[in-house]
Amino acid sequence: TWRWPVSKMSKGSNKRTRIGIALLVLLTLSGCVIASTADLSPQSHFDFPNSNVTPIGPAKGEATNFRIFVPSNVDADMEETAYQRALQQTGGDMLIDVYKTSATRMINLVYFNIYWTTLTVEGTAAKMEIGKQKLK
């Protein structure tokens, strides 16, 4: 079988080339956080007057949005998706004591940037029964 002629000099330079290419790929594809927010709120949805709110347990949900050229923002659809994913785990109607975080990350390429935003909501899932309380 035929093989490429390899000398001791080319073995060393081949290894350096591979390391250089690996570092270039690593630096090119490494993303960095360019914006981050955190927010606390007492509840995710409106609880009706004369309703019983019963905590179920912890819940967590995420939603992610990708864009090219322009950073993506957290919008109402993204928030609703994150809340629904958190509530699907426990079967709750709402989240109480909500901790909401978002982080926008970027991959900087030569001719364009790729941005993605991740919204995470955490809280206590709760069931809400409407109209069962006796008013005084």
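Here's a quick briefing on the salt bridges in this structure. It's a predicted model, where local features need pLDDT of at least 70, side-chain atom pairs count only at pLDDT 80 or more, and totals for chains, interfaces and linings use all residues. Residues are numbered from 1 along each chain as its sequence is written, and side-chain values use heavy atoms, with hydrogens and water left out. Searching the whole structure turns up two salt bridges (a side-chain nitrogen of Lys or Arg within 4 Å of a carboxyl oxygen of Asp or Glu).

**The two pairs**
- Lys-100 pairs up with Asp-39, and their closest N and O atoms sit 3.9 Å apart.
- That pair ties together distant parts of the chain, 61 residues apart: Lys-100 is in strand E3 (residues 94-108) and Asp-39 is in strand E1 (residues 31-43). Strands (E, at least two residues) and helices (H or I, at least four) are DSSP runs, numbered from the N terminus.
- Glu-79 also forms a salt bridge with Lys-100, with 3.4 Å between the closest N and O atoms.
- Here Glu-79 sits in helix H2 (residues 76-90) and Lys-100 in strand E3, 21 residues apart.

**The network**
- Put together, Asp-39, Glu-79 and Lys-100 are linked in a network of salt bridges.

- Lys-100 counts as buried, at 16% relative accessibility. Buried means under 20% relative accessible area, exposed over 50%, and partly exposed in between (1.4 Å probe, protein chains only).
- Asp-39 is partly exposed at 38%, and Glu-79 is partly exposed at 26%.
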